[in-house]
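The sequence and structure come next.

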Amino acid sequence: MTGGVHEPSRADISAKTLRKDRYWVAPAVTVIGLVAWLTYATVRVFMQDYYYVDEFHYLTPFYSPCTSTGCIEEAAHFGRFTPNHALIPFAMLSLPFLLVFRLTCYYYRKAYYRSFWMSPPACAVPDGHKRYTGETRFPLILQNLHRYTFYIATVIVLINTWDFILAFGGTEGFGVGLGNVVLLINVIALWAYTLSCHSCRHVTGGRLKHFSRNPIRYRWWTFVSKLNTRHMQYAWISLGTLALVDFYVMAVAAGWFDDLRFF
Ligand code: FES
């Protein structure tokens, strides 16, 4: 084996790694977390049921915007014009872009390179593969799509925010329930994740020679930079809130329990 720690110029140490701590815990937890989330999301996206609570206008983000001709009319806030098929998500205009946005996210790249691809599993642990070409070739060069999907993801969060606002007006008029709170938590988490994106940081403050001549962009960049330091946390929190709000909407829509109404 050549390359990396096996280069002739590196110290000749036979041990795989000199790390004695349980460095494999973080990658293992990442695999469990991502597989569990993806399994849940896949089941829900193709269930094509229990995605809307008509009485309170709760729409799960997994079905937003609901553009399939199979969507119920009340849930289709932007019209129904995409094909209805068991293998086509009702939100086919948003989910593929969100998938690419998350797949190409700088944090998730680090997470799945380490946990699924072991490239490398942790610092000071050899790469699990013989060759390393980074992201310079197909298919990984497509990771550069991230900066473009950032704009689309921002539009989709605006749509999620619109869904949240619409949920204050049920069939009986204005009202607030626990579902509104859950939707709000999810919208905040989605904004935190999207605005803390590295591409967003570049959009707000990149390619500037003088911050002093661009005080507004400097303020935005400072704000985004602070969020950016917690991007990993927002990545996981927003996955959690997405599953939470979807489960809540499914449970209320299916009649497993009633929405707790405040007024
Ligand atoms: Fe993670 Fe852009 S870097 S969303």
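Tyr40 is partly exposed, at a relative accessible area of 23% (buried is under 20%, exposed over 50%, partly exposed in between; 1.4 Å probe, protein chains only). Phe62, by contrast, counts as buried at 6% relative accessibility.

## Basis of the model

The model is predicted: local features need pLDDT of at least 70, side-chain atom pairs count only at pLDDT 80 or more, and totals for chains, interfaces and linings use all residues. Residues are numbered from 1 along each chain as its sequence is written, and side-chain values use heavy atoms, with hydrogens and water left out.

## Aromatic pairs

The structure holds 20 aromatic pairs (Phe, Tyr or Trp rings, the six-membered one for Trp, with centres within 6.5 Å; planes under 30 degrees apart are stacked, over 60 edge-to-face, the rest tilted). One of them is tilted because the planes of Tyr40 and Phe62 lie at 55 degrees, with centres 6.4 Å apart.

Phe150 and Tyr151 have ring centres 5.4 Å apart and planes at 65 degrees, so this pair is edge-to-face. Phe150 is buried at 6%, whereas Tyr151 is partly exposed at 46%.

## Charges over rings

Arg102 lies over the face of Tyr193, 4.0 Å from the ring centre (NZ of Lys or CZ of Arg within 6 Å of the centre and within 35 degrees of the ring normal). Tyr193 also belongs to an aromatic cluster with Phe101, Tyr107 and Tyr108.

## Disulfide

The structure holds 1 disulfide (cysteine sulfur atoms within 2.5 Å), joining Cys66 to Cys71 at an S to S distance of 2.1 Å. Its S-S torsion is about -90 degrees, so the disulfide is left-handed.
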